[in-house]
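Good morning, colleagues. Please take a moment with the structure on the screen before I turn to its charged side chains.

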Amino acid sequence: MNEREILEKLREQFGVEILNLRLKLMGKNRIYAYRECGPDIEERHSGVYFGKIERDGIRLSIEGCYLLNDELRKNVVELSRDEMIRWLRGEDIERDVQGYVVLKWKTYWLGCGRGNGKIIRNFVPKDRRLRGD
């Protein structure tokens, strides 16, 4: 999959029209976002982890959600404060949605989850979850 095909998937899935970033597909179908910054320097790795191409869509990382920010127009689920806390603790959220959705509380992007019609499955990495009461 090339950069143009990834943008087309982002358009279908999340309503993204303009992307002011370059995208690079690397190992394990992981997408990295970067901006070209001038001098040609040999690099080993460039960009921020943006998301992953899964067999049924693109799963954005929390950073990928922030990079797209105003461009996310479809499949955005707004959470209440209580739901946001549950989500950041790693719990699934009950919603009648299908496929990958981006979760948001106020102006904060909380990452991407996958709905099956009953719940949105949580993909927040364990080391980024809230702990304690």
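Which side chain meets that of Asp56 in a salt bridge? The partner is Arg114, with an N to O distance of 2.5 Å. Please bear in mind that this is a predicted model. Asp56 sits in the loop between strand E3 (48-54) and strand E4 (57-60), while Arg114 belongs to strand E8 (residues 108-116), so the pair ties together parts that are 58 residues apart in sequence.

Let me move to a second pair. Glu83 and Arg95 form a salt bridge through their side chains, at 2.7 Å from N to O. Here Glu83 is part of helix H3 (residues 81-88) and Arg95 lies in the loop between strand E6 (93-94) and strand E7 (98-105); the pair therefore ties together parts that are 12 residues apart in sequence. Is Glu83 buried or exposed? Its relative accessible area is 15%, and Glu83 counts as buried because the limit for that class is under 20%. Arg95, by contrast, has a relative accessible area of 24% and is partly exposed.

Finally, I turn to a network and to the total. Salt bridges link Glu3, Arg22 and Glu36 in a network. How many salt bridges does the model contain? The count comes to 11.

How values were computed:
Residues numbered from 1 in each chain as written. Predicted model: local features only at pLDDT ≥ 70, side-chain atom pairs only at ≥ 80, totals over all residues. Heavy atoms only, no water. Salt bridge = Lys/Arg side-chain N within 4 Å of Asp/Glu carboxyl O. Helix = DSSP H or I, 4+ residues; strand = E, 2+ residues; numbered from the N terminus. Buried < 20%, exposed > 50% of the residue type's maximum accessible area, 1.4 Å probe, protein only.
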